[in-house]
Amino acid sequence: NLPKKYAIPAHPAPDRIYTAIPKHLKFFPREWEDSAAVKISGNIYDAGFDSIYVECKKDGAIFRRLSMPLKYQDGKAGFSFAPRIHAELSEYSFLLSLKSQIEDKRIGFRDSIVCGDVYLINGQSNSIANNLGYTNEFFRTYGHNFSQNPGDTLWEIASTDVSFGGGAQAGSIGVRLQELIGNTYHIPVCIINGGVGGTSISLHQRDKLNPENLNTIYGAMLYRVNRSGLAR
């Protein structure tokens with residue numbers, strides 16, 4: 001085994017080169033000028049490339065191409081981009097590639113990225129009852145309603161399942177808000193719904209010693225908000 005014999009460090013797995021890159025379906029809250037910065041950064045370990053670039057697309061059409069030279073030191077070259085996206089009913093994608101004199105090498109792709117407004121909903125069954133039966137790609141949520149699984153950290157499109165929570169539900173109230181705001185202001189909306197049916201106000205209290213306690217309604221919702229990066 002040559003790498004072991006000569007103490008050659010293994011290259012990191014493809015996703016391990018990133019210190020920041022959006023996940024599939026990622027939702028960014030809008031900031032100044034109705035926009036948000038999409039941070040893409042990391043380190044390149046493959047030698048022989050002179051630059052790195054990212055193609056930024058909106059609804060499949062390139063609107064920006066950013067590039068920077070690679071300067072290797074101690075076997076790696078750092079890179080960092082922060083293209084901005086607008087709060088609108090459009091989906092953005094980012095294709096990251098390395099360039100040399102003889103080839104272009106694709107190393108990363110993220111799509112279905114949007115920017116808009118975020119709302120939190122909590123309460124009893126009326127807050128989480130999900131019975132409208134429709135959704136679209138601009139109705140986003142993060143994790144599952146009252147999930148106690150710390151690994152439940154995926155971005156999703158709001159579920160159409162008829163139920164009283166437990167999945168990627170925004171609730172009928174949430175979906176109607178997403179629909180009305182989208183139709184009126186033409187922006188995507190993310191709803192994180194922490195409602196649980198048949199509960200009293202006392203069950204929604206914060207655990208002062210462990211605010212992110214997944215065994216509590218408050219903590220499970222706070223955990224989702226913090227892990228999503230939506231907290232400000």
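Strands, as the word is used here, are DSSP runs of type E with at least two residues, numbered from the N terminus. The model on display is a predicted one.

**First stop: the cavity**

Select strand 9 (92-99) and strand 10 (104-121); each of them supplies at least two residues to the lining of the largest cavity. The structure holds one cavity of 30 Å³ or more, and the volume of the largest cavity is about 30 Å³. To display its lining, select Ile 21, Ile 40, Val 54, Phe 94, Leu 96, Gly 108, Phe 109 and Arg 110. Strand 10 contributes the most, with three residues.

**Second stop: helix 3**

Proceed to residues 171-185, which form helix 3. From the first C-alpha to the last, the 15 residues of this helix reach 21 Å, close to the 21 Å expected at 1.5 Å a residue. Which residues of helix 3 are buried? They are Gly 171, Ser 172, Gly 174, Val 175, Gln 178, Glu 179, Ile 181 and Gly 182. An α-helix has 3.6 residues a turn, so residues three or four places apart point the same way. After the helix comes His 186, whose phi is positive, near 60°.

Next, select residues 217-228, the 12 residues of helix 4. The end C-alpha atoms of helix 4 are 17 Å apart, which agrees with the 16 Å that the helix should span at 1.5 Å a residue. Its buried residues are Ile 217, Gly 219, Ala 220, Met 221, Tyr 223, Arg 224, Val 225 and Ser 228. The cover over these buried residues includes strand 10, strand 11, strand 12 (155-157) and strand 13. Helix 4 is followed by Gly 229, where phi is positive, near 80°.

**Final stop: the cysteines**

How many disulfides does the structure hold? The number is zero. Select Cys 56, which is in no disulfide; the nearest cysteine sulfur, that of Cys 115, lies 14 Å away. Cys 56 is buried, with a relative accessible area of 0%. Then select Cys 190, likewise in no disulfide, for which the nearest cysteine sulfur is that of Cys 115, 12 Å away. Cys 190 is also buried, and its relative accessible area is 0%.

Notes: Residues numbered from 1 in each chain as written. Predicted model: local features only at pLDDT ≥ 70, side-chain atom pairs only at ≥ 80, totals over all residues. Heavy atoms only, no water. Disulfide = S-S within 2.5 Å. Buried < 20%, exposed > 50% of the residue type's maximum accessible area, 1.4 Å probe, protein only. 1 Å grid on protein atoms, 1.4 Å probe; cavity = no way out; pocket = protein on both sides within 12 Å on 5 of 7 lines; lining within 4 Å. Points joined across faces, edges and corners; volume = space filled by probe spheres on them. Helix = DSSP H or I, 4+ residues; strand = E, 2+ residues; numbered from the N terminus. Expected span 1.5 Å × (residues − 1). Contact = heavy atoms within 4.5 Å.
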